[in-house]
Amino acid sequence: MRVPTLSPPAYRRVTLFALLALTFIVVTGGAVRLTGSGLGCPDWPTCAENRVVAPWEYHAMVEFVNRTITGLVSVAVMLAVLGSLIRRPRRKDLLWLSVGLVAGVIGQIVLGGLTVLFELKPGFVMAHFLLSMVLIANAVVLHHRAGRPAGPTRPAVGPDLLTLGRLEIAAAGLTIFLGTVVTASGPHGGDEEVERLPFLLPDVTRLHGIAVVLFLAVTLVVLWRLRKAGVEREVQRRSEVLLAVLVAQAALGYVQYFTGVPALLVAFHIAGATAVWVAVLRLHLAFRTPVATAGDGSDGTSVGPWTVAASSR
């Protein structure tokens with residue numbers, strides 16, 4: 001029996017599906033907390049009283065649906081692994097990155113179980129979200145590499161921009177971390193009785209806001225330097241997208257704070273944080289370009305955004 005194979009463009013679509021699934025589960029996980037359904041299924045891995053399927057009750061069904069979606073995400077990342085095995089030509093970097101997704105999802109399932117068993121203690125909830133960001137970073141890198149030829153890369157920007165890019169990633173990470181501290185100190189803990197961090201919400205919100213301003217300042221400097229250096233238009237466009245998403249996210253954050261942190265706006269803010277994280281990673285990845293002049297093991301084909309001429313071999 002002939003073993004099925006995947007072309008590089010087809011495998012890249014598989015990695016995009018995995019990335020979208022991982023971003024979707026972040027939003028649905030936020031919905032569980034914002035609806036107060038974090039302990040809707042108080043047991044793990046069952047829902048309650050040795051029942052796998054949740055009883056017909058609002059909070060239980062919200063949590064159960066989120067667990068079901070986790071199962072679908074598991075399928076998506078397993079498809080990424082299987083796809084890397086039947087992709088032709090096969091590449092070790094794509095295989096290991098896809099395996100990293102599976103390991104991360106397993107870690108999320110275990111951490112999610114511990115979060116429920118420890119009754120939504122803030123540290124577990126924060127770790128659950130931050131691990132999601134690590135998983136999304138893995139998926140973004142996998143999708144990016146699946147769209148470029150194999151082989152080494154070279155900087156597409158100068159050393160100063162490479163340094164600024166790393167600073168931008170660090171600023172984004174700090175902003176997201178402090179955002180989880182704000183959330184863990186605020187009113188939406190997933191259940192009315194759960195423990196919250198012992199910080200005043202205005203104080204931690206102020207720190208989060210300072211991190212946002214720092215992130216925004218670095219982003220503006222990066223965009224200015226990209227334009228001044230005359231870097232490829234695609235790289236500038238990614239920087240502009242990041243700036244637009246970041247400004248919208250910051251504005252939403254201020255609106256939600258001054259309107260009493262309504263659950264719906266918090267949900268949009270969670271989705272926005274994920275979008276900002278993806279945007280800053282995509283920009284940083286564009287700072288390097290492939291060196292190889294031969295195709296991805298194929299003869300004169302177009303792989304993702306890079307087209308390789310057969311006559312160059």
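A: Y257 is partly exposed, because its relative accessibility is 30%. The terms run as follows: buried is under 20% relative accessible area, exposed is over 50%, and partly exposed lies in between, with a 1.4 Å probe and protein chains only. F258 reaches 64% relative accessibility, so it counts as exposed. Y257 and F258 form an aromatic pair, edge-to-face, with 5.2 Å centre to centre and 80 degrees between the planes. Rings of Phe, Tyr and Trp (its six-membered ring) pair if their centres lie within 6.5 Å; planes under 30 degrees apart are stacked, over 60 edge-to-face, and the rest tilted.

This is a predicted model: local features need pLDDT of at least 70, side-chain atom pairs count only at pLDDT 80 or more, and totals for chains, interfaces and linings use all residues. Residues are numbered from 1 along each chain as its sequence is written, and side-chain values use heavy atoms, leaving out hydrogens and water.

By the ring rule, the count is two aromatic pairs. In F118 and F124, the ring centres are 4.9 Å apart and the planes meet at 15 degrees, so this pair is stacked. F118 is partly exposed because its relative accessibility is 41%. F124 is partly exposed too, with a relative accessible area of 22%.

Now the core. A nonpolar core is a set of buried Ala, Val, Leu, Ile, Met, Phe, Trp, Tyr and Cys residues joined through side-chain atoms within 4.5 Å. The largest one has 54 residues, and L22, L101, I136, L226 and W277 have the most contacts inside it. Elements giving two or more residues to this core include helix 1 (8-34), helix 4 (122-146), helix 5 (159-185) and helix 8 (263-285). Helix 8 gives the most, with 10 residues. Helices are DSSP runs (H or I, at least four residues), numbered from the N terminus.

Set aside its neighbours within four places in sequence, and W277 is in contact with M133, I136, A137, I169, A172, G173 and I176. Contact means heavy atoms within 4.5 Å.

The structure holds one disulfide, that is, a pair of cysteine sulfur atoms within 2.5 Å. C41 is joined to C47, S to S 2.1 Å. The torsion about this S-S bond is about -75 degrees, so the disulfide is left-handed. C41 counts as buried because its relative accessibility is 0%. C47 has 1% relative accessibility, so C47 is buried as well.
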